[in-house]
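Here are my notebook entries from an afternoon of looking things up. Have the model open beside you as you read.

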Amino acid sequence: MIEDLRTLVEVESPSRDAAALKRSAETVAGVVEERLGGHAALVASPAGPHVHWSGGGEPRVLILGHHDTVFPLGTLGRRPFRVADGRATGPGVFDMLGGLVQAVHGLAALDDLSGVEILVTADEEVGSHASRALIEERALACGTVLVFEGAADGGGLKTGRKGCGTFEVTVTGRAAHAGLEPEAGVNALVEAAHQVLAIAALGRPALGTTVTPTVASAGTLDNVVPAEATIVVDVRVESAAEQDRVEAAFASLAPHLDGARLTVTGSVGRPPMPESAAAGLFALAERLLPGVEARAVGGGSDGNFTAALGVPTLDGLGAVGGGAHADHEYLVVDAMTERAKLVTGLVRAVRDAERPVDGDAATR
């Protein structure tokens, strides 16, 4: 597993870099074919190639992950793959190349791989716009989804996720000389200040809803009334009702200054992943790995899409470690075997079950 992890990490795969993602997809496909046999197909997309593998037979369980990372080319030179003091480090070890390795090796321990599919996408870190349709298609066909994003803190499995999205508010004002006739302008920066306060007030922490202005820009020169400003906002919600409320609130934003205009784009692109979607699968995991904890987390994944379809989905089955998207990202080496064995047991239990593992699946 360590050598396969090294192989994947040492082929850098930043999102939106088509050439790098092609090399990465070919490498992922090579590891899958070497360990499991068969053919891992590269599925072309505008974001880069996805990797799809099938063990044949009636689809029963989808192994879901991604091979793109947030780290730009050159990160490996500064932070090379290494194993020391029980930890593997390097760009993408935790999010989520370690999980891919554990999944493949867990499957390799099965005598029969029929009913199993693997889908490793190229654009999860940038919204999954080019892979969502394929993810949903294969999830519905298989009926059960195991997601190999990194584990929650302490090694817990992720049984719930917030829906998440990004909004951008563009303010259009009117430029004027800040000294000679400021009253002739419409100050987009002042309007943006009003909007930031209104937007921040949309949060409902008691309901798990966070609405966080994160990036803002305005103006051109220090003696010019700003004619344009932009505000970028991160949104996280726990329920469909809150998603609807927040989206409606953004759509109804109105300017405070006469002559100012607003343009709002964005949405909650990943719907909430309700804990009910993971209930049956987590019960199986708990029997296989006594003491493992269930965690609801704020970040989103492709599991949000599959759970929203009513497909039983369990997330956080990947690496035990931490530091996702950061320079201190790491994977706990000693946990890799245990988690690979969990894959083996879960897939066997799901595939051999006579009925769906979650009540929601029976009503699809």
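I began with an open sheet of 4 strands, ordered S4-S5-S16-S15 with antiparallel pairing. For the terms, strands (E, at least two residues) and helices (H or I, at least four residues) are DSSP runs numbered from the N terminus, and two strands pair if DSSP finds at least two bridges between them. Strand S4 (82–84) and strand S15 (321–322) stand at the edges with a single partner strand each, so one side of each has no neighbour in the sheet.

Before going on, I noted the ground rules: this is a predicted model, in which local features need pLDDT of at least 70, side-chain atom pairs count only at pLDDT 80 or more, and totals for chains, interfaces and linings use all residues. Residues are numbered from 1 along each chain as its sequence is written, and side-chain values use heavy atoms, with hydrogens and water left out.

**Entry 2, inside that sheet.** I looked up strand S5 (residues 87–89) and found it paired with strand S16 (residues 330–332) in the antiparallel sense over 3 bridges. Ala88 stands opposite Leu331 in S16. Helix H4 (residues 93–108) lies across S5, S15 and S16, and runs at about 40° to S16. Such angles run from 0 to 180 degrees between N-to-C directions, with axes as lines fitted to C-alpha atoms, for helices over the stretch in contact; contact means heavy atoms within 4.5 Å.

Next I traced an open sheet of 6 strands with mixed pairing, in the order S1-S2-S6-S3-S7-S14. Its edge strands are strand S1 (40–43) and strand S14 (313–314), each pairing on one side only. S1 pairs with strand S2 (residues 50–54) in the antiparallel sense over 4 bridges, and Ala40 has Trp53 in S2 as its bridge partner.

Which strands does H4 touch here? H4 packs on this sheet against strand S3 (61–66) and strand S6 (116–121), its direction making about 150° with that of S3. Helix H5 (residues 132–142) also packs on the sheet, touching S1, S2, S3, S6 and strand S7 (145–147), at about 155° to the direction of S3.

I finished by stepping back: the chain has 11 helices and 16 strands. Of its 364 residues, 51% count as buried, that is, under 20% relative accessible area with a 1.4 Å probe, protein chains only. The C-alpha atoms fill a box of roughly 80 × 50 × 35 Å along the principal axes.

Notes: Buried means under 20% relative accessible area, exposed over 50%, partly exposed in between (1.4 Å probe, protein chains only).
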